[in-house]
Amino acid sequence: MNLDEYSWTVSDWVKEKLAERGISLGEVEEAVYNSIPPYLIETRKEHKTRPETRWFISQTANERLLKVAFILYEEQRLAVIKTAYEPEDYEVVNYGEY
């Protein structure tokens, strides 16, 4: 899957949450650009969606780690950012196992 082939969008609500966390849209874009598959599928019941939520951990240009969760609408070639935040240590370890 090549994320460069998708248009990306972020809702106003998610933009507000990112701003509260001190994360800019530019940093999210950098993390997307620097991401390397696999893009893991969210398996926690309370976070499941249709289509499924995927996520990755990647660095920004300033080497800030971000966990980015998104939903792909493959037919529309659209990716919707659900959230982004600095990951907990256990998330980095779990992601590294894949």
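Buried here means under 20% relative accessible area, exposed means over 50%, and partly exposed lies in between (1.4 Å probe, protein chains only). This is a predicted model, in which local features need pLDDT of at least 70, side-chain atom pairs count only at pLDDT 80 or more, and totals for chains, interfaces and linings use all residues. Residues are numbered from 1 along each chain as its sequence is written, and side-chain values use heavy atoms, with hydrogens and water left out.

## The sheet

Helices (H or I, at least four residues) and strands (E, at least two) are DSSP runs, numbered from the N terminus. Two strands pair if DSSP finds at least two bridges between them. Five strands make an open sheet with mixed pairing, in the order β1-β5-β4-β3-β2. β1 (7–10) and β2 are the edge strands, and each pairs on one side only. Strands of a sheet pair through backbone hydrogen bonds, either parallel or antiparallel. The table lists the pairings.

| Strands | Sense | Bridges |
|---|---|---|
| β1 and β5 | parallel | four bridges |
| β4 and β5 | antiparallel | seven bridges |
| β3 and β4 | antiparallel | seven bridges |
| β2 and β3 | antiparallel | two bridges |

Threonine 9 has valine 80 in β5 as its bridge partner. Isoleucine 71 also stands opposite valine 80 in β5. Glutamine 59 is bridged to leucine 65 in β4. Leucine 40 stands opposite tryptophan 55 in β3.

Two hairpins each hold a residue with positive phi. The hairpin of β3 and β4 has five residues between the strands, and glutamate 63 takes a positive phi near 65 degrees there. The hairpin of β4 and β5 has four residues between the strands, and there arginine 77 takes a positive phi near 55 degrees.

## Helices on the sheet

Contact means heavy atoms within 4.5 Å. Axes are lines fitted to C-alpha atoms, for helices over the stretch in contact, and angles run from 0 to 180 degrees between N-to-C directions. α1 packs on the sheet and touches β1 and β5. The direction of α1 makes about 75 degrees with that of β1. α3 lies across β2, β3, β4 and β5, and runs at about 100 degrees to β3.

Glutamate 27 belongs to helix α2. Glutamate 27 is buried, with a relative accessible area of 15%. Leaving aside neighbours within four places in sequence, glutamate 27 is in contact with Gly22, Thr60, Arg64 and Leu66.

## The nonpolar core

A nonpolar core is a set of buried Ala, Val, Leu, Ile, Met, Phe, Trp, Tyr and Cys residues joined through side-chain atoms within 4.5 Å. The largest such core has 23 residues, and those touching the most other members are Leu3, Leu18, Val28, Phe56, Val68, Phe70 and Ile81. α1 (12–20), α2, β3, β4 and β5 (78–85) each give two or more residues to this core. β4 supplies the largest share, five residues.

Isoleucine 81 shows how these parts meet. Beyond its neighbours within four places in sequence, isoleucine 81 is in contact with Trp8, Thr9, Val10, Val14, Val28, Val68, Ala69 and Phe70. β3 is mostly covered, with six of its seven residues buried.

## Aromatic rings

Rings of Phe, Tyr and Trp (its six-membered ring) pair if their centres lie within 6.5 Å; planes under 30 degrees apart count as stacked, over 60 as edge-to-face and the rest as tilted. By this rule there are five aromatic pairs. The ring centres of tyrosine 39 and phenylalanine 70 are 6.0 Å apart and the planes stand at 80 degrees, so this pair is edge-to-face. Tyrosine 39 is in the loop between α2 (25–34) and β2 (40–41), while phenylalanine 70 is in strand β4 (residues 65–73), 31 residues apart. Both tyrosine 39 and phenylalanine 70 are buried.

The rings of tryptophan 55 and tyrosine 95 have centres 5.5 Å apart and planes at 45 degrees, so this pair is tilted. Tryptophan 55 is in strand β3 (residues 53–59) and tyrosine 95 in helix α3 (residues 89–96), so the pair ties together parts that are 40 residues apart in sequence. Both tryptophan 55 and tyrosine 95 are buried. One aromatic cluster is formed by Trp8, Tyr39, Phe56 and Phe70.

Charges also meet rings. A charge sits over a ring if NZ of Lys or CZ of Arg is within 6 Å of the ring centre and within 35 degrees of the ring normal. The charged end of lysine 67 sits over the ring of tryptophan 55, 4.2 Å from its centre. Arginine 77 lies over the face of tyrosine 6, at 4.3 Å from the ring centre.
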